[in-house]
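Below is a brief report on strand pairing and helix packing. Please keep the model open while reading.

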Amino acid sequence: MLREDFERILKEHGLKKTKQRVLVLEALASCGDEHLTAEEIYEIVKAEFPEIGLATVYRTIQLLSGLGLVESIQLGDGYVRYEIGKIGGSEAHHHHHLICLECGKIISFRDDLLDELEKRIKESVSFQVTNHEVKLYGYCETCLGQKCQIGK
């Protein structure tokens, strides 16, 4: 994501372009498929903007979440985590999360196999699905390999 994209999106939503807002979005974008807690976002932003406070980061996340620019997710580890939402027409809707039960690694899976199910739901019960969240639990390649080694 480019700073210009963030600035344009904020302007389109009638929001001032503040350094804090842009830095929060950049922090999330810079971490790719990582799912950051507010505290982790704070540490990243603080490195570039030391005077920012944790409360400001929380307020910024809340504001950007309300616009759909930041998505929150709870993965069962007791933390609320955040990722980039709808930016430049891309939707967070079409990816799911694979969660390793051994090491806690979170892998984004970007194939949405539920499109056909959503279409059938709309046709059969006249219900329009606008979003869904899928979490699949199992073992990542590394942990699965270690389990196989132990079992030999």
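## Basis

This is a predicted model, in which local features need pLDDT of at least 70, side-chain atom pairs count only at pLDDT 80 or more, and totals for chains, interfaces and linings use all residues. Residues are numbered from 1 along each chain as its sequence is written, and side-chain values use heavy atoms, without hydrogens and water.

Helices (H or I, at least four residues) and strands (E, at least two) are DSSP runs, numbered from the N terminus.

Strand E3 spans residues 96-100. Four of its five residues are buried (under 20% relative accessible area, 1.4 Å probe, protein chains only).

Strands pair if DSSP finds at least two bridges between them. E3 runs antiparallel to E4 (residues 106-109), joined by four bridges. Leu98 has Ile107 of E4 as its bridge partner. Five residues lie between the strands of this hairpin, and Gly104 takes a positive phi near 85°. E3 also has four bridges to E5 (residues 135-138), and these two strands run parallel. Here His97 stands opposite Lys135.

## Helices H2 and H4

The axes of H2 (residues 19-30) and H4 (residues 54-66) come within 10 Å and cross at roughly 75°. Axes are lines fitted to C-alpha atoms over the stretch in contact, with angles from 0 to 180 degrees between N-to-C directions. H2 is therefore roughly perpendicular to H4 (65 to 115 degrees).

Contact means heavy atoms within 4.5 Å. H2 contributes Gln20, Arg21, Val24 and Leu25. H4 contributes Thr56, Thr60, Ile61, Leu63 and Leu64.

Methods: Buried < 20%, exposed > 50% of the residue type's maximum accessible area, 1.4 Å probe, protein only. Parallel < 35°, antiparallel > 145°, perpendicular 65-115°, else oblique.
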